[in-house]
Amino acid sequence: MQINLQEIVPDYIDKKNISGSQVWGKNIIIKKGEHLHIVAPSGTGKTSLIHFIYGLRKDYTGNISYDATDIKKLSTESFSSFRQNKISIIFQDLRLFEDQTTRENIEIKRRLHPFHPPEMIDEMAGRLGIETKLSQQVKTCSYGEKQRIAIIRSLMQPFEFLLLDEPYSHLDEVNRKKAMDLIYEECGKRNAAMIFADLKELDFLKGEKVLTL
Amino acid sequence: MELSYKNIEPLIISGKNIFSKWLGYFGLGIGVLLLLFSMQMFINIQQLLKEKSPRKSGYDFISISKNITNENMGKDNSFTNEDLNKLKTYPAIEGLSPLISNQFRVRATAGDVIPFSTDLFLESIDKDFIDTVPPSFTWQPGQSVVPIIFSSDFLEMYNVFAPAQGLPQLSAKTISSINIILECSGPNGTLNFKGNIVALSDRINSLLVPKTFMNWSNLHLSGDTATRVSRVYIKTKDANDPQLISFLDQQNYHLNKDKVKFSRVKSILQNIVSALGIFGILVIVMALVLFSFYLQLMIAKSKDNLRLLLTLGYSPRWLTNSVAKTWLPVYLFIIIGALIITQLLHLLFLQFSFVDKEDLSFLLHWSVWLIAILLLALTVFINSGLVKKELNNII
């Protein structure tokens, strides 16, 4: 599968103001195995772009297609199939079930289409330092812990594309490194592409293809 | 491990509205029970009273005659053509047939088997007005056997006085095998016929012979061609129609409503159980409305969780089916419970009512089962439709 961005411009951005962007109004093809780093300051549309690609919003002109399929024409039923098998996401706002435990949150995603056995939850939680939080309700966790829960949740399914929207904003350097290693490892297992949106270019992402919004 | 509703169950918030859920279950149970029970009772009444009803094709047949008073005693109290025409044109009367009686003397004996003889009267009426007309109820000139339709009330009366007279009591079946000799005599001579009772009538209190026989014998034995009609049967949709009764009263006619009462009792009973059934349907509708409120509230409360599940990749179809399916065991329990209670009530009805148990099956009628299955399908269909609609609203 590949994702094609064809001259997409959010409805809320004037087309005159996109001349400096390497994404808006341009044609971009993202193939399996590629790593794309999208860098932009706050309010320039990183989250919008991630949501457009994931199919959560349609307020843009231009086309986004999964292979040859324009995603604006996909039904919610078809989207669910893509989201189970082809495309995974870490939301900026995390979107966790606050009243459920950490394990339950991760299990809800894992059971949908298990790529890993349940034991993998413990292993990943151990690597990211949240193994003691597995039985706790998510609402009792700190934002940084929640970010790590969202990261593990996104890695429980098969995918060809992983979308990351400022996933490390509340992580310290050590935990960022640990999380990034895990993500690289999991993407490698699947030969998956990674679309990583953040405020600035991260040190450990140097060498990746970087586009500015 | 398979994806199951249990995993997402904690995310579907039922909230504090448990009362309306249980009220909905209770209402549905009561409604289904009322509907099934009233259907079974309707069928029971229909089957029990089927044989005895004088109604035919939804009509009441009633006998009218002129009131005999001290003033008109001894005068000609038969119906004139004018009287008959007036009756015919009255809107509530859908048909009439005069009872024509014999103008000659008839004496009946039962041969040597039963030492019994009596003077009789014979009457004839249009076949459409007789409740039981076997194919053998015909007569042609030259035929020595005359078929007779006998009033079942007369048979009952006979069986009451027969033992005191040293006569054998007779069943409805044996009476047809008795040979009656009809000795018909008039000014023009005497003729003997064999009388054969071919049927019993619940509706008409008389000894009915075919019209062809009555016309032929009146002409040949009495020579009197003028037909005097002292009784008329009318066919009407409702013998209890107050306007009809008032009209007949004004004409000074006597109305024999004994037979009609029976059908009215049956009709009233059926109306009561029908009303019960309609009430049951209303309760079911109300319960389903209550459910839909509960469902809307539940989905509204769980909106964020359901939306997140869809965002994470849960299929809308799977979610709809899973949420809708959670009620299936409840619906099954309610409907099977209502069927069991209906069956028990039906057995109690058989046990304690006056009815002849052979007339009714111990099991519920097939149509009651069918309605129960249809109700189950309907509730499941409505339920999944509602869930689908509500989920579509949040996508």
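Chain B has a radius of gyration of 33 Å, whereas a compact globule of 395 residues would come near 21 Å; the radius is taken over C-alpha atoms, and the globule rule is 2.2 Å times the number of residues to the power 0.38. The model is predicted, with local features needing pLDDT of at least 70 and side-chain atom pairs pLDDT 80 or more, while totals for chains, interfaces and linings use all residues. Residues are numbered from 1 along each chain as its sequence is written, chains are lettered from A in the order in which they are written, and side-chain values use heavy atoms, without hydrogens or water.

The C-alpha atoms of chain B fill a box of roughly 105 × 45 × 35 Å along the principal axes. Its secondary structure comprises 12 helices and 11 strands, where helices (H or I, at least four residues) and strands (E, at least two) are DSSP runs numbered from the N terminus. Of the 395 residues in chain B, 46% are buried, that is, under 20% relative accessible area with a 1.4 Å probe and protein chains only. One residue to look at is Ser217(B), in helix H6 (residues 211-222) of chain B. Ser217(B) counts as buried because its relative accessibility is 0%. Beyond its neighbours within four places in sequence, Ser217(B) is in contact (heavy atoms within 4.5 Å) with Phe104(B) and Ser222(B).

Chain A has six helices and nine strands. Its radius of gyration is 17 Å, close to the 17 Å that the globule rule gives for 213 residues, so chain A is as compact as a globular protein of that length. The C-alpha atoms of chain A occupy a box of roughly 50 × 35 × 30 Å, again along the principal axes. Buried residues account for 55% of the 213 in chain A. Among contacts in chain A between residues at least 6 apart in sequence, 74% link residues at least 24 apart.

Now to the place where the two chains meet. Here, 17 residues of chain A are in contact with 18 residues of chain B. The size of an interface is often given as the accessible area lost when the parts come together. Between chain A and chain B, the buried area is about 1700 Å², with carbon and sulfur atoms giving 63% of it; this is the accessible area (1.4 Å probe) that the two parts lose on being put together, summed over both. Glu77(A), Phe97(A) and Arg111(A) supply 38% of the area that chain A buries against chain B, more than any other three residues.

Methods. Buried means under 20% relative accessible area, exposed over 50%, partly exposed in between (1.4 Å probe, protein chains only).
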